[in-house]
Each structure stands twice: as structure tokens, then as C-alpha cells.
Amino acid sequence: MRIISGKYKSKRITAPKNLPVRPTTDMAKESLFNILNNSYYFENISVLDLFAGTGNISYEFASRGTETIYAVDAHYACIKFINQTAKDLGVNIHSYKSDVYKFLEKTPLKTDIIFADPPYDFEENQFLKIANIVFERELLNEDGLLIIEHSKHTDLSQHPFYSYEKRYGGNVFSFFENINNDEL
């Protein structure tokens, strides 16, 4: 995998083969960040990266100037790799070894973007549970965005905070936002 843009543009990061991960493809990641670039100043936001795996998404945000990044994964080897890579890059990523659902139920954090890349073989209700907890617990800042990556075989459009999706090959990014947050 490589960092697409920013301070560490074109830097290749090689993860150990034994990590239980499926990193977001470079093409899909580049497309996602092109969308986000139109709505956010990366230096001014905070990000929560769920099912962080190799930290691929976290490094991309860090390279583009985001300083407040939280990465959550249940696997110790993933967290260890994220910590070492962040140290090597000289970036500050706050990592948590935790089950994502338990983390979301307990965290006091509120961020501007929450990115979740759960295993593609999750049941639809497992994907939707992420969105349910995020919006029930109000874990997004005003104008915040939840992005869930999933396969083209999963449909999350029935969720009340679903906004739109973008497809890139077999990858789909579903975007969720609280469009009525001014009324809350």
C-alpha cells in the first residue's frame, strides 16, 4: 500500500503478511480522499478509524495534515504495526486495542469523520449497528460524516442517516450524516 497525497506522498508501507486485514485499495482510497477533499480542511478535523487494520486510512489523513486521529482495532498485531508505523512517520495516532462495538458504546470521543472498514463478510445488521451506535451516541461533531466501506453485495441505504454511496470496483463507500443536526 502507498500513501496517495500530502507530506508522505508515494511512501510505500509494507504490512506483515500475518495481519488479518484487507486494506482499502489505492484506487478506492484515492477516490475517497478526492471526495473528502471537497468538504474538509484536513488540518482542522478529527478522525476515528474503526477496524483500522494496517492503519492505511489513518496514515493518509496524517499525511494530509490531520493531527487528531484515533485508530481502533481488536487485533494486537494491527495496533502494534500502527504504533510502529506512526512512530516511523513521526505522526501522532492514538491507537486502541478494542472490539469496535464496545469502544463505540463507551467512548467519550466526538470526531468530524468516522471511517469504518469492517470485514466484508459481516452480516448487514453488523454494518448497520455501527451507524446506529454512532448516531444514538452522537459521536460525530456537527457536519460530521460516517463512512462505512463494504462490498457491492451489501446494501445500507435503508438506514435513516444514509446519505449516498460511491462504488469503486468491488468496494463501496456508504456515507451517513445527520442532515437534521441543526434541529437536535
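Trainee: How many aromatic pairs does the structure hold?
Mentor: There are 13 aromatic pairs in it. Rings of Phe, Tyr and Trp (its six-membered ring) pair if their centres lie within 6.5 Å; planes under 30 degrees apart are called stacked, over 60 edge-to-face, and the rest tilted.

Trainee: What sort of pair do Tyr96 and Phe103 make?
Mentor: A tilted one, because the ring centres of Tyr96 and Phe103 are 5.1 Å apart and their planes stand at 50°. Another pair, Tyr164 with Phe175, is stacked, at 4.4 Å centre to centre and 10° between the planes. Tyr164 belongs to strand β6 (residues 162–168) and Phe175 to strand β7, so this pair ties together parts eleven residues apart in sequence. Helices (H or I, at least four residues) and strands (E, at least two) are DSSP runs, numbered from the N terminus.

Trainee: What kind of model is this, and how are residues numbered?
Mentor: It is a predicted model, where local features need pLDDT of at least 70 and side-chain atom pairs count only at pLDDT 80 or more, while totals for chains, interfaces and linings use all residues. Residues are numbered from 1 along each chain as its sequence is written, and side-chain values use heavy atoms, with hydrogens and water left out.

Trainee: Which residues do ring pairs link into a cluster?
Mentor: Phe51, Tyr101, Phe122 and Phe127.

Trainee: New topic. Which residues touch the most other members of the largest nonpolar core?
Mentor: Leu36, Phe61 and Ile147, out of 35 residues in that core. At least two residues of this core come from each of α1 (26–37), α2, β2 (68–73), α3 (76–89), β4 (111–116), β5 (140–151) and β7 (171–176). The most comes from α3, with six residues. A nonpolar core is a set of buried Ala, Val, Leu, Ile, Met, Phe, Trp, Tyr and Cys residues joined through side-chain atoms within 4.5 Å.

Trainee: What does Ile147 touch?
Mentor: Not counting residues up to four places away in sequence, Ile147 touches Leu32, Leu36, Ile113, Ile114, Phe115, Ala116, Phe173, Ser174 and Phe175. Contact means heavy atoms within 4.5 Å.

Trainee: How many residues of α2 are buried?
Mentor: Eight of its eight residues, so α2 counts as mostly covered. The buried residues of α2 pack against α1, β1, β2, α3, β3 (93–97) and β4. After α2 comes Gly65, with a positive phi near 105°.

Trainee: Where is Thr54?
Mentor: In the loop between β1 and α2. Thr54 is buried, with a relative accessible area of 2%. Leaving out residues up to four places away in sequence, Thr54 touches Met1, Ala15, Leu19, Val21, Pro23, Tyr59, Phe81 and Ile82.

Trainee: And Lys29, buried or exposed?
Mentor: Lys29 counts as buried, at 0% relative accessibility. Lys29 is found in helix α1. Among the residues it touches, not counting those up to four places away in sequence, are Arg2, Asn56 and Glu60.

Trainee: Last one. What volume does the largest pocket have?
Mentor: About 400 Å³. Of the 28 residues that line the largest pocket, Pro20, Phe51, Asp73, Asp117 and Pro119 are the closest to its centre. A pocket is an open set of points on a 1 Å grid over the protein atoms alone, where a 1.4 Å probe fits, with protein on both sides within 12 Å along at least five of seven lines; lining residues have an atom within 4 Å of a point. The volume is the space filled by probe spheres set on the points, which are joined across faces, edges and corners.

Trainee: Which elements each supply at least two residues of the lining?
Mentor: β1 (46–50), α2 (56–63) and α4 (100–106). By class, the lining has 16 nonpolar, seven polar and five charged residues. Ala, Val, Leu, Ile, Met, Phe, Trp, Tyr, Cys and Pro count as nonpolar, Asp, Glu, Lys and Arg as charged, and the others, Gly among them, as polar.

Conventions: Buried means under 20% relative accessible area, exposed over 50%, partly exposed in between (1.4 Å probe, protein chains only).
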